[in-house]
Amino acid sequence: MIDIRHLISMQATADVFKEMNAEGSSNNVIEYYKNMPDDFLNIAGRHAGIQKEHLSIYRQLVRGENNEFLDKLKGFEHQLQPGDLILVTGTSTSSKTLVKLQKSIYQKARSSHIAVIQAEFICIDAMPEIGVSLRLISEIIKNVEDNWRVIRLKSLKETEFERLNQTCIYYLEQPYAILPSAKPAKKFSYCSELARKVYINSEIKECGIPKNNIIKPCDFDKIADESSKWQDITESVRGFINFCIEYEDILNFISKIYINGVKLNRQRFDERKKTKNNIKKMVKKGIVKSETAAIINNKTDELESLLNYKFWDK
């Protein structure tokens with residue numbers, strides 16, 4: 001789960017180092033940042049994408065002061081949690097056409113896209129031309145019909161959240177494609193297929209998601225409408241989602257450290273994979289001995305086994 005106060009502190013430190021190119025302990029930098037005049041913090045806030053009306057909240061956050069954002073956040077009895085599914089209908093012609101086509105399969109079909117909650121206000125989904133990526137819940141809700149809904153598996157335990165979180169990250173940057181596959185696709189994703197395999201590969205039992213060769217958004221509509229294993233939590237989390245939309249700029253600022261950290265994990269993985277491929281080529285050319293290559297590769301594998309996140313194209 002995301003520690004918002006910790007992320008705020010980390011992001012403030014990162015911003016200060018970027019602005020000042022400073023040396024010294026992070027605590028000293030944070031203290032320096034807290035004591036900066038409002039005008040300077042306002043400039044930093046605008047640079048970070050904070051709306052004018054939220055600059056006072058931004059200043060209070062980076063100074064570690066209580067504010068209306070944190071007060072409202074504490075006030076929600078119901079929030080989103082890992083594994084929640086967002087079912088939406090896009091406003092584009094292609095989205096509306098998809099819904100119409102699905103009605104021949106399920107008469108109550110209404111969704112054209114599915115996203116998975118990865119952590120609190122951060123989702124993961126698969127989009128054409130983008131593939132699998134992390135996005136704020138506010139981005140998912142943009143440009144969709146008002147009939148979106150959120151469903152939750154009743155039997156899901158809090159002890160399973162971390163496994164769901166890691167599985168979501170596992171598929172990061174997987175390319176988008178729609179191809180038949182009753183089992184979790186190893187090299188591609190589309191929105192509803194991604195949602196299914198996050199549950200399957202997290203070993204969540206009795207989730208009731210069908211094993212069709214092509215799993216469609218309307219399959220999740222049917223789950224929402226008919227399955228006793230899932231509950232519609234739309235109304236209980238609507239206030240929290242509206243809060244996420246209202247404070248999108250603040251949440252975007254807060255989430256940068258987390259999302260950029262995940263992206264750095266992915267980048268480092270790509271670099272290690274490239275190194276292993278280069279070593280393999282050097283062995284073939286006789287530049288490196290196979291024994292030496294084996295030692296390097298074993299050390300790399302040992303390092304990766306200790307990491308929190310692993311990726312699909314290992």
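Predicted model: local features only at pLDDT ≥ 70, side-chain atom pairs only at ≥ 80, totals over all residues.

How many helices and strands does the secondary structure of the chain come to? The count is 13 helices and 6 strands.

Let me begin with the chain as a whole. It has 314 residues, and 48% of them are buried. Its accessible surface amounts to about 16,700 Å², with carbon and sulfur atoms contributing 50% of that area. If we consider contacts between residues at least 6 apart in sequence, 69% of them join residues at least 24 apart.

I turn next to the strands. Please locate strand β3, residues 122-127. Of its 6 residues, 5 are buried, so β3 is largely enclosed by the rest of the structure. On one side of the discussion we have strand β2, residues 113-119, which runs antiparallel to β3 and is joined to it by 3 bridges. Within this pairing, V116 has I124 as its bridge partner in β3. The hairpin of β2 and β3 leaves 2 residues between the strands, and E120 adopts a positive phi near 45 degrees there.

The other partner to consider is strand β4, residues 131-136, which pairs with β3 in the antiparallel sense over 6 bridges. Here M127 stands opposite G131 of β4. These two strands also form a hairpin, with 3 residues between them. In that turn, E129 has a positive phi of about 70 degrees.

Now to the helices, starting with α6, residues 93-102. Which residues of α6 are buried? They are S95, V99 and Q102. These three cover an arc of only 65 degrees around the axis, and therefore they lie on the same side of α6. The face turned away from that buried side carries the exposed residues T93, S94, K100 and L101. Helix α10, residues 217-226, is included in what covers the buried residues of α6.

The aromatic residues are my next topic. A search of the whole structure gives 10 aromatic pairs. One of them is formed by F240 and F243, and this pair is stacked, with 6.2 Å centre to centre and 25 degrees between the planes. Why are these two residues about one helical turn apart? Both belong to helix α11, residues 234-246, and they are separated by about one turn because they are 3 residues apart in that helix. As a general point, an α-helix has 3.6 residues a turn, so residues three or four places apart point the same way. Both F240 and F243 are buried.

H54 is found in the loop between α3, residues 38-47, and α4, residues 55-62. Is H54 buried or exposed? Its relative accessibility is 7%, under the 20% limit, so H54 counts as buried. Apart from neighbours within four places in sequence, H54 is in contact with E246, Y247, D249 and I250.

Finally, I would draw attention to two arginines placed over aromatic rings. The charged end of R238 sits over the ring of W148, 4.9 Å from the ring's centre. R266 lies over the face of F311, at 5.1 Å from the ring centre.

That concludes my presentation, and I thank you for your attention.

How values were computed:
Residues numbered from 1 in each chain as written. Heavy atoms only, no water. Helix = DSSP H or I, 4+ residues; strand = E, 2+ residues; numbered from the N terminus. Buried < 20%, exposed > 50% of the residue type's maximum accessible area, 1.4 Å probe, protein only. Contact = heavy atoms within 4.5 Å. Areas by Shrake-Rupley, 256 points an atom, 1.4 Å probe, with all protein chains shown as cover. Pairing = 2+ DSSP bridges. Phe/Tyr/Trp six-rings, centres within 6.5 Å; stacked < 30°, edge-to-face > 60°. Lys NZ or Arg CZ within 6 Å of the ring centre and 35° of its normal. Arc of directions from axis to C-beta.
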